[in-house]
Amino acid sequence: MVSKKSKKSQESINTRLALVMKSGKYTLGYKSTRKCLRSGKAKLVIVSTNTPAVRRSEVEYCAMLAKCGVHKYSGNNVELGTACGKYFRVSMLAVVDPGDSDIIKTMPTE
């Protein structure tokens, strides 16, 4: 059973993510996220729970070198794709420009 607080935080993450999709700049997927991290453009990386451990640790390492935050999304890649407003699976995404959203300030970077 999902607690009320975690469901509320999940909804707030989804609304902030929808605002980024509408007004900001982002890249979806593993390869483009790594490119953004290497070029230093990414401000925040969001990774789904069912991303393979090797890929997740590699992206976390690149994010640490780029001094960028990493957020572990509580849903799987299908739910992350739905939260982005897409009809396909999204394993990870990099927020380049948050636009009108305050997603970078409010995300707990773990």
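Buried means under 20% relative accessible area, exposed means over 50%, and partly exposed lies in between. The model used in these exercises is predicted.

**Exercise 1. Find the faces of helix α2.**

Task: Determine which residues of helix α2 are buried, and which exposed residues sit on the face turned away from them.

Solution:
1. Helix α2 spans residues 30-39. Its buried residues are Tyr30, Thr33, Cys36 and Leu37.
2. Look down the axis of α2. The buried residues fall within an arc of 125°, so they line one face of the helix.
3. Now turn to the face pointing away from the buried side. Lys31, Lys35 and Arg38 are the exposed residues there.
4. Check the packing. The buried residues of α2 pack against β1 (25-28), β2 (44-47), α3 and β4 (92-97).
5. Step just past α2. Glycine 40 has a positive phi of about 85°.

**Exercise 2. Work through the salt bridges.**

Task: State how many salt bridges the structure holds. Then place the partners of each pair.

Solution:
1. The count is three. Side chains of opposite charge can pair when their charged atoms come close.
2. Take aspartate 102 and arginine 16. Their side chains meet at 3.1 Å, N to O. This pair links distant parts of the chain, 86 residues apart: aspartate 102 is in the loop between β4 and α5 (103-106), and arginine 16 is in helix α1 (residues 4-23).
3. Classify both by exposure. Aspartate 102 has a relative accessible area of 33%, so it is partly exposed. Arginine 16, at 23%, is partly exposed.
4. Take arginine 34 and glutamate 58. Their salt bridge spans 3.3 Å, N to O. Arginine 34 lies in helix α2 and glutamate 58 in helix α3, 24 residues apart.
5. Classify again. Arginine 34 is partly exposed at 21%. Glutamate 58 is partly exposed at 29%.
6. Take lysine 72 and glutamate 60. Their side chains form a salt bridge of 3.5 Å, N to O. Lysine 72 is in strand β3 (residues 69-72) and glutamate 60 is in helix α3, twelve residues apart.
7. Finish the classification. Lysine 72 is partly exposed at 36%. Glutamate 60 is partly exposed at 28%.

**Exercise 3. Locate a nonpolar patch.**

Task: Name the residues that make the nonpolar surface patch of about 350 Å². Then decide whether Leucine 65 is buried or exposed.

Solution:
1. The patch is made by Tyr61, Met64 and Leu65.
2. Leucine 65 lies in helix α3 (residues 53-65).
3. Its relative accessible area is 54%, so Leucine 65 is exposed.

Key. Residues are numbered from 1 along each chain as its sequence is written. This is a predicted model: local features need pLDDT of at least 70, side-chain atom pairs count only at pLDDT 80 or more; totals for chains, interfaces and linings use all residues. Side-chain values use heavy atoms; hydrogens and water are left out. Patches are made of residues with over 30% relative accessible area and no salt bridge: like charges are joined within 9 Å, nonpolar side chains (Val, Leu, Ile, Met, Phe, Trp, Tyr) within 5 Å. Accessible areas come from the Shrake-Rupley method with a 1.4 Å probe; for residues, only the protein chains shown count as cover. A salt bridge is a side-chain nitrogen of Lys or Arg within 4 Å of a carboxyl oxygen of Asp or Glu. Helices (H or I, at least four residues) and strands (E, at least two) are DSSP runs, numbered from the N terminus. Buried means under 20% relative accessible area, exposed over 50%, partly exposed in between (1.4 Å probe, protein chains only). The arc is that of the directions from the helix axis to the C-beta atoms. Contact means heavy atoms within 4.5 Å.
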